[in-house]
Amino acid sequence: MTKKEVQHYWNYFCSLTRRLQNTTQYVDHRAGDDGKLKNGKVCSFEFQQIITLAATEFEKLSKIICLEIDPNFNYKSASIKKISKKILKEYPHITETQIVSDYQRLKPLKGWHIGKDENDQAGKEGKDIVFGLDWWDDNTDLKHQTFKKFDSATLENAVSSVASLMVLELYLMQIMLGTLVIAIDKPCDYFACSYAGDILYIDEEPLPDFRENN
């Protein structure tokens, strides 16, 4: 993948962060003492669209990363479970990636893992399922039951989905280019990359899975 292609994905991501930033004109995004957004449960059509667009791009970029890990990866039929297994095996520290906004410090993929479904009655141990992507699950509900599940179209999910997408954007840059140069040259709205240095690329910090001690 060329730098222009990576730039294209980043430009689209930046368009989503602009939409998220624009919602601060109508909803207070400040967090309380617990670190959670005070108005995190506020829902709207705009938040629904942001979540849906971010989820679609998250799936697309995650499949691109999976193909880089394994050229034989069957991305056409890949479920979120298969995607998660592939990425988490290759990049186990991706869950530690921190994203910063004016309102919060987030590790949006902190709880991302594969575990057993304790409610599964098919077997004693239960089947493998994906944990830690609550916004993804809520988006799936929104797609299939838009009216009944509209309460999931929240500010909290909008922020989480776009922040999660940013982690993949940064990993894609690091994998393809060996640097976060694009994020440095063209910062996005709403979020800041705590790993990017200044415009001279001074003090650029490697992402969690690219550190020498890993």
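Visitor: Why does Y103 count as partly exposed?

Guide: Its relative accessibility is 24%. Buried means under 20% relative accessible area, exposed means over 50%, and partly exposed is in between, with a 1.4 Å probe and protein chains only. So at 24% Y103 lands in the partly exposed class. A word on the ground rules: this is a predicted model, where local features need pLDDT of at least 70, side-chain atom pairs count only at pLDDT 80 or more, and totals for chains, interfaces and linings use all residues. Residues are numbered from 1 along each chain as its sequence is written, and side-chain values use heavy atoms, with hydrogens and water left out.

Visitor: And what makes Y190 buried?

Guide: Y190 has a relative accessible area of 8%, so it falls under the 20% cut-off.

Visitor: Why is F58 with W135 called an edge-to-face pair?

Guide: Rings of Phe, Tyr and Trp (its six-membered ring) pair if their centres lie within 6.5 Å; planes under 30 degrees apart are stacked, over 60 edge-to-face, and the rest tilted. By this rule there are 11 aromatic pairs. For F58 and W135 the centres are 5.2 Å apart and the planes make 85°, so the pair is edge-to-face.

Visitor: What does that pair tie together?

Guide: F58 sits in helix α2 (residues 45–69) and W135 in helix α4 (residues 134–144), so the pair joins parts that are 77 residues apart in sequence. Helices (H or I, at least four residues) and strands (E, at least two) are DSSP runs, numbered from the N terminus. Both F58 and W135 are buried.

Visitor: What makes the pair of Y103 and Y190 tilted?

Guide: Their centres are 5.7 Å apart, with 35° between the planes.

Visitor: How do you know that the buried residues of α4 are on the same side?

Guide: The buried ones are W135, W136, N139 and L142. They cover an arc of only 115° around the axis, so they share one side of α4; the arc is that of the directions from the helix axis to the C-beta atoms. On the other side, D134 and H144 are exposed.
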